[in-house]
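Here's a quick briefing on a single-chain model.

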Amino acid sequence: MEVTERVTAGKGWVAFGRALLAVVSLQAVLLGSAVASVDFLTLGQDRGPVAMASSLEFWLDSQGRTPVEKIEAGADTLPFAAVKSGQPRLLDDGALWLRFDALVQSPQLHWKIEMPMSGVDKITLYYRDSLGRWVVQQAGDSQAISTWPQPGRYPILSLSHEVGQKTRYYLRVEHARIPFSALPRAVTDAQVTTARQREHLLLGAYFGLAALVTVLALINAAAYRDWGFATYAIYMATFAGSQGAFTGVTGLYVWPELPALNNISIVLLPLTAAAAALWFVRTVTTPKRFSRALDWLVVALMALLPLVALVDAAFPTAESFALINILISSGMVILLMVVGVAMFEGDRHARWIALGFLPIIVATLFPLLRNFGVLASSFLTQNALRSGANPKCGQLPCARPTP
């Protein structure tokens, strides 16, 4: 009996050992596949843009104080991991390190990396040249445009010109308060020039049309002496200004040497535009006819939005940024309430207002959800507002002329 028990116990330990060995082997396979999943970036005759997600590894420096020399020295010990596209990360006071290896094969093409997201606080690219010296390039909203390697709406940094030589790059990203999920891509000089010409054409058309609508609204306001047209002009001007801040146009052309205005304008102008939108809707629908409480709520929010923006400009914190997003969401709800009540009461202008603001409200959801960390940075989070709020003269009948 004892012998049988010992044999059974021995078999049990053998089974346990085999199971443990299987788990360790599986972990080794998984770790090996994770390392192998990072591809070597080869830049040949393909003129780009070249997606880099499969070639990137990341490490989050929670304190944001680790120098690149320590990053390089700890290449095998720091917990770098393969990047997953569309994964937002809240950096706050920390820094995101991205690492990749690249090889330029063609001497005819000058390769660069671009971070296709305006509003990034600061990115720094490090690599060593053939003599072992560090090459450092910096760009971002926290710096004057004149210090950027290539002035633009968003950072563009040059890769090594040396052909046929494997180079390791380290990219340091600083971006406070807004979850960061954008990834760099490799492009050539020709690609950058073509994309910039196309962007300037589209943005010029957008802001030109916005200026035209604003001027027409002011002319109608003067001709009819109507506050509806006047408040619409204010709304269009502030909204266009907020889009200028979001796209990096104002930082590039309006105050290129005053980088401190970038973070201020990206909060102050949108909140002022939201307050102007409420002012316009209140002027046209006069909610006091239906509910004094609703009217007072609109007035209070109109005053609170720019006030909170000014406080945030002086004392920017994560809490104030969260409050800003809550206020913008509340403003959207209240605007819909006012228009809904006006439509229910039979106001003949409310339907046009609803049709004019519905695309804007839907488009606003994308950057809001990005700010809350629900959506990753994408074409929609960057451009939905401009698409949904395309200024049209057909929106002007929302402002009713005074008989």
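Predicted model: local features only at pLDDT ≥ 70, side-chain atom pairs only at ≥ 80, totals over all residues.

Buried here means under 20% relative accessible area, exposed means over 50%, and partly exposed is in between (1.4 Å probe, protein chains only). Residues are numbered from 1 along each chain as its sequence is written, and side-chain values use heavy atoms, with hydrogens and water left out.

**Whole chain**
- You'll find ten helices and eleven strands, taken as DSSP runs (H or I, at least four residues; E, at least two) numbered from the N terminus.
- Among contacts (heavy atoms within 4.5 Å) between residues at least 6 apart in sequence, 76% join residues at least 24 apart.

**Helix α4 (residues 227-247)**
- Of its 21 residues, 16 are buried, so α4 is largely enclosed by the rest of the structure.
- Asp226 caps the N-terminal end of α4, with a side-chain oxygen 2.5 Å from the backbone nitrogen of Gly228.
- Just after α4, Gly248 takes a positive phi of about 85°.

**Thr285**
- Thr285 sits in helix α6 (residues 260-285) and counts as buried because its relative accessibility is 0%.
- A polar atom of the Thr285 side chain lies 2.6 Å from the backbone oxygen of Val281.
- Setting aside neighbours within four places in sequence, Thr285 is in contact with Phe290, Val338, Ala342, Asp347 and Ile353.

Conventions
Polar contact = N/O pair within 3.5 Å; in protein donor to acceptor, adjacent residues only side chain to side chain.
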